[in-house]
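The sequence and structure are shown first.

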Amino acid sequence: MSQGDGVVPEIDVAVEADGWPGEDELEALVARVVEVACTEAELELVEGAELSVVFADDARVRELNRDWRDKDAPTNVLSFPGGDEEEPPFGPLLGDIILARETVAREAEALEITFSDHVTHLVAHGFLHLFGYDHQMEDEAEEMEALERRILAVLGIADPYRDPLVSGTETESETPV
């Protein structure tokens with residue numbers, strides 16, 4: 001795998017809820033997204049960099065969202081940076097990404113896209129949050145969405161922001177403070 005500066009992070013995938021694809025399939029998906037995201041975003045990682053991705057359910061994500069963001073509701077993806085997301089090289093602890101299966105499934109159905117494509121998008125989205133990318137301000141959102149489009153295009157996935165109705169339905173995925 002060639003990524004950004006060539007450093008490949010160690011990826012720990014945990015499946016904590018029913019309804020997700022198999023762990024091997026999820027590991028392959030996350031590894032491919034991380035590879036492309038590191039290359040497209042030109043991310044410089046330290047040797048031994050680590051990433052954790054948890055495939056959970058709405059109840060678990062709701063609990064985390066309540067405890068860390070004071071929002072008592074599930075969301076599609078949460079990102080918890082492991083260190084300083086402002087200064088490369090990044091690592092060794094890149095952070096944690098947690099996805100909520102029921103919310104992801106509902107959104108994929110509402111957006112009329114495959115579950116796998118939506119998971120791929122949200123892993124890319126959550127991964128970018130670990131490096132300080134955000135979408136709270138319009139200029140930040142434009143930069144983040146452009147990078148997501150490039151990553152997804154390399155992965156053969158359609159632009160999730162192509163339809164104004166789609167970008168208007170994007171649920172909040174956040175990096176807790």
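E112 is found in the loop between helix 3 and helix 4, where helices are DSSP runs of H or I of at least four residues and strands are runs of E of at least two, numbered from the N terminus. Its phi is near 60°, a positive value in a residue other than glycine. E112 is exposed, with a relative accessible area of 74%; buried means under 20% relative accessible area, exposed over 50%, and partly exposed in between (1.4 Å probe, protein chains only).

The model is predicted, so that local features need pLDDT of at least 70 and side-chain atom pairs count only at pLDDT 80 or more, while totals for chains, interfaces and linings use all residues. Residues are numbered from 1 along each chain as its sequence is written, and side-chain values use heavy atoms, with hydrogens and water left out.

**Backbone exceptions**

Most residues other than glycine have a negative phi, and most peptide bonds are trans. E42 is found in the loop between helix 1 and strand 2 (50–56), and at 67% relative accessibility it counts as exposed. A cis peptide bond, with omega about 5°, joins G91 and P92. P92 has its place in the loop between strand 3 (77–81) and strand 4 (93–100).

**Overall fold**

The protein chain comprises six helices and four strands. Along the sequence these elements follow the pattern β-α-β-α-β-β-α-α-α-α. Of the 177 residues of the chain, 44% count as buried. Among contacts (heavy atoms within 4.5 Å) with a separation of 6 or more, 69% are between residues 24 or more positions apart.

**Helix 1 against helix 4**

Two packed helices are described by the angle between their axes and the distance between the axes. The axes of helix 1 (residues 23–40) and helix 4 (residues 115–129) come within 10 Å and cross at roughly 50°. Axes here are lines fitted to C-alpha atoms, for helices over the stretch in contact, and angles run from 0 to 180 degrees between N-to-C directions. The two helices are therefore oblique to each other, given that angles under 35 degrees count as roughly parallel, over 145 as roughly antiparallel, 65 to 115 as roughly perpendicular and the rest as oblique. On the helix 1 side, L29, V30, V33, V34, A37 and C38 meet S116, V119, T120, V123, A124 and F127 of helix 4. By class, this contact has ten nonpolar, two polar and no charged residues.

**Salt bridges**

Side chains of opposite charge can pair when their charged atoms come close. The whole structure holds seven salt bridges, each being a side-chain nitrogen of Lys or Arg within 4 Å of a carboxyl oxygen of Asp or Glu. Among them are these pairs:

| Pair | Closest N to O |
|---|---|
| R150 and E40 | 3.3 Å |
| R66 and D67 | 3.3 Å |

R150 lies in helix 5 (residues 138–154) and E40 in helix 1, so their pair ties together parts that are 110 residues apart in sequence. R150 is partly exposed at 39% relative accessible area, and E40 is partly exposed at 24%. The pair of R106 in helix 3 (residues 101–111) and D58 in helix 2 (residues 58–69) links distant parts of the chain, 48 residues apart. R106 is partly exposed, with a relative accessible area of 49%, whereas D58 is buried at 12%.

Technical notes
Nonpolar A, V, L, I, M, F, W, Y, C, P; charged D, E, K, R; others polar.
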